[in-house]
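Thanks, everyone. Let me put the structure up, and then I'll walk through it piece by piece.

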Amino acid sequence: MTRTFRTAAVIGAGTIGLSWTALFAAHGLTVRVSDPRPDLAEAVDEALAQSAPHLAARGLDVTGLAGRVHLVADVTEAVRDADVVQENGPERVEFKQDLFAGLAREAPGHALLLSSSSAIPSTEFTKELADDAAARVLIGHPFNPPHLVPLVEVVPGERTGEDAVQAAVDFYTSVGRTPVVERKEIPGFVGNRLQNALSREAVYLVEQGVVTPEELDTVMTNSLGLRWATVGPFLGSHLGGGPGGYRHLAEHIGPSMKRMWADLGTPSQNHDQQERLIAAVERAYGSATYADLTETRDRRQLAVLSALDSADKEEN
C-alpha cells in the first residue's frame with residue numbers, strides 16, 4: 001500500500017536540514033523544524049528566501065512557502081504527528097543512538113525515520129533499538145544542496161523492513177528526488193566514497209605542484225565533470241571503447257589503467273602541507289563571499305539540470 005506523506009519533521013537545521021526544509025515545503029508538506037540553535041528563525045527565513053527562486057526555476061510553486069514551515073521547541077513536538085522524519089545531526093554514533101531511541105519512542109508508529117548521515121550506516125546506531133523500531137530506520141543521504149541535487153542514497157540497515165525501503169523510495173520520488181537503493185552497507189556509502197577517492201588524488205596533484213586548486217577545478221569542470229554529469233563513469237568508459245564498448249577499452253588500455261591505479265598518490269597531509277593547501281584554496285576563492293560562491297554554484301547546477309531535462313524531452 002502506498003503511503004501518504006503530509007507532515008515531515010526536520011531534525012537539525014544546518015545547511016542540509018535547511019535545504020530539506022525548503023524542498024519539503026515546496027512540495028506542499030507541512031514541515032516542523034527542530035534545532036537548538038538560537039538563530040533558528042533567522043536561518044530558516046534566510047534559507048527559504050535563497051531557495052525559493054531555485055525551486056521556482058524547477059517548476060515548483062513557492063507561494064506561501066514560509067507558511068508551511070513551523071519552528072518547534074523540541075524533538076518530541078516536531079515528530080508528534082510526522083509521517084516522515086529527516087535527521088541531520090552530527091556525525092557521531094553515540095549522538096544518533098540517543099536521538100533515534102527518542103525518535104522511535106515519540107514518533108507515530110507509521111513514521112519513516114530517515115538519517116542524512118553521510119558516513120555512518122544505520123545499523124551502527126540502531127543496535128539498541130527493538131526490532132519494530134529498527135525496521136523503520138534507514139539512511140536517506142543527499143548531496144548538498146538537496147533541494148537541487150536530485151540523488152538520495154537509500155541505504156537500509158540490517159533490520160530495516162522492505163516496506164520501509166519502498167516507502168522511502170516513494171517519499172523521495174514524491175519530492176522530486178532520484179533515490180537509489182544500495183544493496184549493502186558500507187561506510188561513506190557510494191557517493192562520498194567516489195568523492196573521497198577523487199579528492200585524495202586532487203589533493204595529491206596540488207600537493208605535488210602539478211596544478212593549482214583553481215586549475216584542477218578547471219580540468220574537472222571542462223572534462224570529466226561534463227562527461228559524468230551526462231553518462232557517468234561506466235557508460236562513459238563503455239563509449240570510450242568505441243563500437244567495441246567496455247570490453248575493447250578494458251582489453252586495450254586495461255594494462256595501462258592498472259599501472260595508473262598503482263601510481264595514484266596518497267597526500268601526506270601533514271600540518272605544513274595542509275596549511276599550504278588551505279592557503280592555495282583561499283588564494284583561488286577567498287576573495288568571494290560564501291553567499292556569492294553558493295549562488296554561482298546553484299545557478300550553474302540549475303543550468304545543468306535544465307539542459308538534461310531538455311535533452312531527455314527531445315529523446316522522448
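Let's start with Asp83. Leaving out residues up to four places away in sequence, Asp83 touches Thr4, Phe5, Arg6, Thr7, His110, Ala111 and Leu112. Contact here means heavy atoms within 4.5 Å. Asp83 sits in the loop between α3 (75-79) and β4 (84-87). Helices (H or I, at least four residues) and strands (E, at least two) are DSSP runs, numbered from the N terminus. Is Asp83 buried or exposed? Its relative accessibility is 11%, so Asp83 counts as buried. The cut-offs: buried is under 20% relative accessible area, exposed is over 50%, and partly exposed is in between, with a 1.4 Å probe and protein chains only. Asp83 and Phe24 are 59 residues apart in sequence, and their C-alpha atoms are 12 Å apart in space.

A word on the source. This is a predicted model, where local features need pLDDT of at least 70 and side-chain atom pairs count only at pLDDT 80 or more, while totals for chains, interfaces and linings use all residues. Residues are numbered from 1 along each chain as its sequence is written, and side-chain values use heavy atoms, with hydrogens and water left out.

Now helix α1, residues 15-26. α1 has 12 residues and reaches 17 Å from its first C-alpha to its last, close to the 16 Å expected at 1.5 Å a residue. That expected span is 1.5 Å times one less than the number of residues. How many residues of α1 are buried? The count is 10 of 12, so the helix is mostly covered. Among them are Trp20, Leu23 and Phe24. After α1 comes Gly28, with a positive phi near 90°.

Next, the cores. A nonpolar core is a set of buried Ala, Val, Leu, Ile, Met, Phe, Trp, Tyr and Cys residues joined through side-chain atoms within 4.5 Å. The largest one has 36 residues. Which residues have the most contacts inside it? They are Phe24, Val31, Leu112, Leu114, Leu138, Phe171 and Tyr172. Elements giving two or more residues to this core include α1, β2 (30-34), α2 (40-57) and α7 (162-174). There is also a second, separate core of 23 residues, which includes Ala82, Val85, Ile120 and Val137. As background, nonpolar side chains tend to be buried together in soluble globular proteins.

Take Tyr172. Beyond four places in sequence, Tyr172 touches Trp20, Gln86, Leu114, Gly140, Val152, Val154, Arg177 and Pro179. Thr173 lies in helix α7. At 45% relative accessibility, Thr173 counts as partly exposed. Thr173 and Pro150 are 23 residues apart along the chain, with 9.5 Å between their C-alpha atoms.

Val69 is in strand β3, residues 69-71. Val69 counts as buried, at 11% relative accessibility. Setting aside neighbours within four places, Val69 is in contact with Thr21, Ala25, Val31, Val33, Val44 and Leu48. From Val69 to Ala22 is 47 residues in sequence, but 8.5 Å in space, C-alpha to C-alpha.

Two backbone points. A cis peptide bond joins Asn144 and Pro145, with omega about -5°. Pro145 is in the loop between β6 (137-142) and β7. Then there is Phe189, which is not a glycine but has a positive phi of about 60°. Phe189 lies in the loop between β8 (178-181) and α8 (191-207). Phe189 is buried, with a relative accessible area of 0%.

On to helix packing. How do α9 and α13 sit relative to each other? Helix α9 (residues 213-221) and helix α13 (residues 271-285) pack at about 70°, with their axes 8 Å apart. So they are roughly perpendicular to each other. Pro213, Glu214 and Asp217 of α9 make the contact with Ala280, Val281, Ala284 and Tyr285 of α13. By class, that contact has 5 nonpolar, no polar and 2 charged residues.

Last stop, helix α14, residues 290-315. At 1.5 Å a residue, its 26 residues should span 38 Å, and the end C-alpha atoms are 37 Å apart, which agrees. Which residues of α14 are buried? They are Thr294, Asp298, Leu302 and Leu305. What covers these buried residues includes α2.

Methods:
Axes are lines fitted to C-alpha atoms, for helices over the stretch in contact, and angles run from 0 to 180 degrees between N-to-C directions. Angles under 35 degrees count as roughly parallel, over 145 as roughly antiparallel, 65 to 115 as roughly perpendicular and the rest as oblique. Ala, Val, Leu, Ile, Met, Phe, Trp, Tyr, Cys and Pro count as nonpolar, Asp, Glu, Lys and Arg as charged, and the others, Gly among them, as polar.
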